[in-house]
Amino acid sequence: MEPDFEALRKEFPVLERKTYLNSGSYCALANEVKSAFEAYMEDRLLVGANWDVWVAKNESVRALVAQLLNAMPDEIAVTASVSAGLNALASALDFSGLRNKVVISDFEFPTNAQIWHAQEPRGAKVAHVPRAADGYIPLEHFERAIDERTQLVAITHVCFRNGAKLDIPGIVRLARAKGARVLLDCYQSVGSLDIDVKALDVDFAAGGMLKYLLGTAGIGFLYARDSLVRGLVPLNSGWFAQAEIAAMDITANRPAQNARRFEAGTPPVVNCYAAEAGLKMLLRVGTPAVERRVSALTRRCMEGLEQIGWASVTPPEDARRGATVAAPSRDSARLTKELMKRDIVTSYRDDNVRASFHFYNNGDDVNTFVAAMKELRRELGPA
């Protein structure tokens, strides 16, 4: 039985005032997450330095992320951001040998390109996989880029620019055939799609809590396959990355035997409260149900835009689409502002306005968005 999505909408107060279609930037705030922030403030006022509770919250986030991804808690590092996790991972890789190539795509968020280019002084060679004429990146383009020199294929799951979803199983098969490892940037997908890192067979995965995981900024995660962890020693470290945190040992670097070695300093305490609440809510709803809901809403949105003569640039196939519908505009920044004047919250990247959906959206939200786009089409439609 599907969740009662209309009842769940009532848990997000912003939906009473706005048509909120911006989860791909920052999720709507749930009452439970708001209460979690308030609980942190109450703990600070009553206790002050409540370290036992703070560490427990951090461990709870680790366990919940593991449950979400079908991983083990020891395979999860709780990080301050995706950038922090990827930098720790990158520092543990050796680019001095023949396998010095990192393959990325033209769909990447800047972080998952800049960090690998930053390794070039250490010997890394970064190869970009281009999109095809239709705007998508087919498997054959990855096949041409991945070779015996490839150490890592670092790819996004869903493109932040246009909502396109890459063929991750196909890319993983190509990487395995050449002996390469795979890193999945799932920031734009985790929480809106049902993700099983074991079924996908990826070696690493990174994401954050502020989009579809219903949490807040300043906290993320890095999944690292257990069989690989102990062979990777990050040069980026800190006291929470050590085997014995409480040892306060200043004589050596003794990294944890699990993915915690990719962490650094003091956990993002207040963000752990929010992330825990958001993850618990999402897991109650269930990501399979969320994926079905989001797929139906994005399909309805794209069909509505087609009917008003404003085709999106997002792939129409369900298997090639995430939670975002991107519509081209001759002035996407102004279009976003015009939509905001109508209490419709979206975002833009490049020449596209992005409407990103979550389980708390409904058909009325789609209708409101499409009606406003129809009104604005003559002035701000595609070039």
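A crossing of two helices is called left-handed if the near helix is turned anticlockwise from the far one by less than a right angle, and right-handed if it is turned clockwise. The model is predicted, so local features need pLDDT of at least 70 and side-chain atom pairs count only at pLDDT 80 or more, while totals for chains, interfaces and linings use all residues. Residues are numbered from 1 along each chain as its sequence is written, and side-chain values use heavy atoms, with hydrogens and water left out.

**Two helix pairs**

Helices (H or I, at least four residues) and strands (E, at least two) are DSSP runs, numbered from the N terminus. Axes are lines fitted to C-alpha atoms, for helices over the stretch in contact, and the angles between N-to-C directions run from 0 to 180 degrees.

Helix 12 (residues 332–341) and helix 13 (residues 363–380) have axes that come within 11 Å and cross at roughly 135°. That makes helix 12 oblique to helix 13, given that angles under 35 degrees count as roughly parallel, over 145 as roughly antiparallel, 65 to 115 as roughly perpendicular and the rest as oblique. The crossing of helix 12 and helix 13 is right-handed. On the side of helix 12, Arg334, Leu335, Glu338 and Leu339 meet Phe369, Ala372, Met373, Leu376, Glu379 and Leu380 of helix 13, where contact means heavy atoms within 4.5 Å. The residues of this contact divide into seven nonpolar, no polar and three charged; Ala, Val, Leu, Ile, Met, Phe, Trp, Tyr, Cys and Pro count as nonpolar, Asp, Glu, Lys and Arg as charged, and the others, Gly among them, as polar.

Helix 2 (residues 31–46) packs with helix 10 (residues 269–285) at an angle of about 150°, with their axes 8 Å apart. Helix 2 and helix 10 are therefore roughly antiparallel to each other, and their crossing is right-handed. Among the residues that make the contact are Ala36, Phe37 and Tyr40 of helix 2 and Tyr273, Ala277 and Gly278 of helix 10. By class, the contact of helix 2 with helix 10 has 11 nonpolar, one polar and three charged residues.

**Residues in loops**

Leaving aside neighbours within four places in sequence, Ser25 is in contact with Leu210, Lys211, Ser347, Arg349 and Arg354.

Asn253 lies in the loop between helix 9 (226–229) and helix 10 and, at 41% relative accessibility, counts as partly exposed. Not counting residues up to four places away in sequence, Asn253 touches Val233, Ser237 and Gln242.

The table gives side-chain polar contacts, each a pair of N or O atoms within 3.5 Å; within protein, one atom must be able to donate a hydrogen and the other to accept it, and residues adjacent in sequence count only if both atoms are side-chain atoms.

| Side chain | Partner side chain | Distance |
|---|---|---|
| Ser25 | Ser347 | 3.5 Å |
| Ser25 | Arg354 | 2.9 Å |
| Asn253 | Ser237 | 3.4 Å |
| Asn253 | Gln242 | 2.8 Å |

Asn70, in the loop between helix 3 (51–69) and strand 2 (76–79), has a positive phi of about 60° although it is not a glycine. Asp201, in the loop between helix 8 (197–200) and strand 7 (204–208), has a positive phi near 65° and is likewise a residue other than glycine.

Technical notes
Buried means under 20% relative accessible area, exposed over 50%, partly exposed in between (1.4 Å probe, protein chains only).
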